[in-house]
Amino acid sequence: MMIDQPRVVRIGLLGLGTVGAGVVKSLKTNHQPIFEKTGCDVQVVRTLVRDPDKERVVRLDREALTTDGLEIVRDPSIDIVIEVIGGIEPARTLIREALRHGKHVISANKELIAKDEGALIAYAEKHGLRLMYEASVGGGIPIVRMVETYLTANRVYAIRGILNGTCNYILTRMEEDGQSFAEALRDAQSLGYAEADPESDVEGFDTAYKLSILANLAFSVPSSVAAIDRFGITKLQSDDLSLAARVGCTIKLIGEARVLEDGTVLQSVTPRMIPRADSLASVRDVFNAVTITADVVGELSFMGRGAGELPTASAIIEDLTEILRSPVPRVRRDQYRHTVSVSKSGVTSMDERSSRHVKGYIRMSTSEQIFDLLFQYAQDVRVVSGADEVDGESAAHCFVCGVPEQVWYEQVLHHDALQLAIPYDGVWPPPNSVVVGQKEAQIHFRA
Ligand SMILES: NC(=O)C1=CN([C@@H]2O[C@H](COP(=O)(O)OP(=O)(O)OC[C@H]3O[C@@H](n4cnc5c(N)ncnc54)[C@H](OP(=O)(O)O)[C@@H]3O)[C@@H](O)[C@H]2O)C=CC1
Ligand SMILES: N[C@@H](CC=O)C(=O)O
């Protein structure tokens, strides 16, 4: 339906990097369809940058740029603020100030949303305003709104997915093209996928923020990033990916939050060796994928581009059009959720931990102490044909099963001789593997 009198909506944009530029481009390209769907003429009128003289991929009048964010968020002529500068400060202050001045806010800032633990959202709701953050999780995938507003008929029990485009891109390039970790990371940065500090991506922090945001929405737990067991991908080598291929698996950085029977929630971010048949195994490049498991609907899966200027801009503009259609917060967040308690797996009860077991892939230097540990606790230790030859002299690669989870976290992962230990989700025994005893293993690995 065409609307004759467009309502002009004035946007203040905080940040004009990868995502900010994507927002400007997309609002320009799709100005007409957005107008047709909302009746609004959306205009970016003022933009915050650090360096106004920087060469940009989008052209804005020099007068539209400012280095003073407060000037934007306090400007009475601005209706909606989009925050895409990232980090905690000045983002938090600017968002709060924008809300205080009666503006709806859209943010892509997962670090802030996760670490803020709901305070800004509560502040927005108190003022009858919307603080929306679809772009903070899964790039262009509409997962936040779905979990927040759609699953009212359900209790959600598990969230599992690939939530970082940079890491998935790096692992894909290492596996398929034999690129080094450093080369693949450089490419991910030049494509605009990585965070300003890429350690956030490769050490698993970014995935932890996103998992925490989803867990908070789905389970009504406080969004505590500190409650997540987090491991990144920096220790992975292409040899580990080759080994995975030999046993019919691949390696992905997976975020997972599960409600246990006693109501506690386990949350982890870790590279996992997963079978090729796992739906996440075929998620390549910058794509993300998330599966939600709930009691009534069962499993729901979502996939799409998890990073990059346009997919992220898409999520931001979806938030924008949602605000234009429904400026009043739809539901108070705590009205419809069920409550469970959250627990880091490292602090679950000893009994529970020692009753669960881990299957793992381990790369280690050939120290006798770690063999002692593995052969004391693992039910089965295996090598895959040729595994010990893959990485030259100093590494031994093996698969173990039946290690008590408590031993895995408290001893194996902290062992000096350990180079890498990740969960192995493939079949047992791993294809083409041979069982080894302790003496045999020591000889085998040193051969
Ligand atoms: N890149 C992606 O694919 C995705 C990113 N996000 C999130 O979106 C946000 C932005 O990411 P991205 O666009 O990649 O980041 P960039 O580093 O590309 O851009 C950041 C922008 O913010 C400006 N800026 C940063 N700090 C300040 C400051 N203190 N004062 C004024 N301006 C500042 C920079 O100015 P200048 O240009 O002058 O340096 C730049 O324009 C982050 O929260 C990120 O986590 C979310 C989903 C995907
Ligand atoms: N750096 C992030 C950007 C999107 O959230 C990623 O790679 O996923």
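In the predicted model, the chain is built from 17 helices and 18 strands. Its radius of gyration is 24 Å, close to the 22 Å that the globule rule gives for 447 residues, so the chain is as compact as a globular protein of that length. Along the principal axes, the C-alpha atoms occupy a box of roughly 80 × 50 × 40 Å.

Among contacts in the chain with a separation of 6 or more, 75% are between residues 24 or more positions apart.

Ligand 1 has 24 residues around it, and those that come nearest are Asp51, Arg56, Lys110, Glu195 and Gly308. By class, the shell around ligand 1 consists of ten nonpolar, eight polar and six charged residues.

Polar contacts to ligand 1 involve both backbone and side-chain atoms. On the backbone side, a polar atom of Leu16 lies 2.8 Å from an oxygen atom of ligand 1, and a polar backbone atom of Asp51 is likewise 2.8 Å from an oxygen atom of the ligand. In the side chain of Arg56, an N or O atom is placed 2.6 Å from an oxygen atom of ligand 1. On its own, ligand 1 has 900 Å² of accessible area, and the protein covers 87% of it.

Methods: Residues are numbered from 1 along each chain as its sequence is written. Chains are lettered from A and ligands numbered from 1 in the order in which they are written. This is a predicted model: local features need pLDDT of at least 70, side-chain atom pairs count only at pLDDT 80 or more; totals for chains, interfaces and linings use all residues. Side-chain values use heavy atoms; hydrogens and water are left out. A residue is near a molecule or strand if one of its heavy atoms lies within 4 Å of it. A polar contact is a pair of N or O atoms within 3.5 Å; within protein, one must be able to donate a hydrogen and the other to accept it, and residues adjacent in sequence count only if both atoms are side-chain atoms. Accessible areas come from the Shrake-Rupley method with a 1.4 Å probe; for residues, only the protein chains shown count as cover. Ala, Val, Leu, Ile, Met, Phe, Trp, Tyr, Cys and Pro count as nonpolar, Asp, Glu, Lys and Arg as charged, and the others, Gly among them, as polar. Helices (H or I, at least four residues) and strands (E, at least two) are DSSP runs, numbered from the N terminus. The radius of gyration is taken over C-alpha atoms; the globule rule is 2.2 Å times the number of residues to the power 0.38. Contact means heavy atoms within 4.5 Å.
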